[in-house]
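The sequence and the structure are shown first, and the description follows.

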Amino acid sequence: MENNFSKLTNLDSIKEFCNANLLDIALRNLNTVNHNVKVRFINLTAGHYATFGYTGLGRFFFCDDCMYIISNDKKYESEHNPDILEFSEDLVFLNRPGIYIVRVIFAGVFTGFYDDNNERIFTGDVVRANILVDPEFPSNGGRNRARGINSEAVGSFCEAGIDEMSGKYSIILDNHYAPLSWATKLKIVGSLFYDLQSGQTEVDIRGLCNSLAQSRADRKELLKLAKKSPYFPPVTWQESVLEILLGNNVIDEEDDEC
């Protein structure tokens with residue numbers, strides 16, 4: 001059956017697709033040819049600090065508001081959660097040696113755009129951008145940038161979060177938005193997952209974008225937090241001491257199955 005992968009632009013649409021194709025995901029029969037649906041997740045197995053991981057459509061599913069990745073990587077062995085396979089009889093086909101089912105937090109979908117440093121832009125990222133309103137030559141994604149008839153026009157500067165809006169990946173500003181295809185410059189400066197709470201299972205990316213756009217807090221402090229993201233702020237003195245001792249430098253790891 002043909003699938004319209006172009007509609008898989010946010011958590012709700014991806015979750016709906018996965019729930020409708022759960023058996024094909026479990027059997028690895030999902031036909032994902034000619035699509036580029038990649039998602040980012042927050043890996044909760046890295047001890048004191050969370051890290052980002054990346055995977056593709058057909059290698060994860062959802063149970064209620066929780067995302068679970070399907071991996072062959074032994075680093076997930078201690079976090080394997082076989083009990084979740086009882087949630088649906090379709091998932092029984094994943095009950096095989098060497099298959100690990102691990103709970104993570106959905107943290108965005110690849111927009112098809114790269115920033116000026118050749119980094120993939122996901123929903124939930126914070127970018128510095130120059131926006132040219134309704135350019136004569138909008139970008140079609142990738143590393144291309146918007147251009148006007150006046151090639152020297154760079155547009156207005158902004159710093160904001162990224163999410164899907166009205167079917168387009170957009171920079172979410174206060175009370176309005178601008179499509180990524182209008183950007184003449186783009187640079188990722190962090191992401192919005194800097195106020196994660198213990199036990200959290202799902203985040204509202206649109207809400208995080210709006211909060212950043214409408215925040216009256218010190219902008220420099222917010223951007224410092226964005227650079228730490230994904231980040232669980234310490235809530236006890238023990239966690240605060242551990243953060244001081246270990247520092248805040250975390251190396252992001254891409255999932256081998258991305």
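In the hairpin of β3 and β4, which residue takes a positive phi? The residue is Asp64, with a phi near 55°, and the hairpin has two residues between its strands. Helices (H or I, at least four residues) and strands (E, at least two) are DSSP runs, numbered from the N terminus.

**Basis of the model**

The model is predicted: local features need pLDDT of at least 70, side-chain atom pairs count only at pLDDT 80 or more, and totals for chains, interfaces and linings use all residues. Residues are numbered from 1 along each chain as its sequence is written, and side-chain values use heavy atoms, with hydrogens and water left out.

The predictor's confidence in each residue, pLDDT, runs from 0 to 100. Its mean over the chain is 88, and 87% of the residues reach 70 or more.

Strand β4 covers residues 66-71, and six of its six residues are buried. Buried means under 20% relative accessible area, exposed over 50%, and partly exposed in between (1.4 Å probe, protein chains only). Cys66, Tyr68 and Ile70 point one way from β4, while Met67, Ile69 and Ser71 point the other way.

Two strands pair if DSSP finds at least two bridges between them. Strand β3 (residues 60-63) runs antiparallel to β4 and is joined to it by four bridges; Phe60 has Ile69 as its bridge partner in β4. Strand β5 (residues 100-114) also pairs with β4 in the antiparallel sense, over five bridges, and here Tyr68 stands opposite Arg103 of β5.

**Salt bridges**

The whole structure holds 10 salt bridges, each a side-chain nitrogen of Lys or Arg within 4 Å of a carboxyl oxygen of Asp or Glu.

| Lys15 | Glu202 | 2.9 Å |

Glu202 and Lys15 form a salt bridge. This pair links distant parts of the chain, 187 residues apart: Glu202 is in the loop between β11 (183-191) and α3 (205-214), and Lys15 is in helix α1 (residues 11-20). Glu202 is partly exposed at 30% relative accessibility, whereas Lys15 is buried at 15%.

Because Arg128 lies in strand β7 (residues 125-131) and Glu159 in strand β8 (residues 156-165), the pair ties together parts that are 31 residues apart in sequence. Arg128 is partly exposed at 29%, and Glu159 is buried at 16%.

Arg206 lies in helix α3 and Asp163 in strand β8, so the pair ties together parts 43 residues apart in sequence. The relative accessible area of Arg206 is 28%, which is partly exposed, and Asp163 is buried at 6%. Salt bridges that share partners join Arg128, Glu159 and Arg219 into one network.
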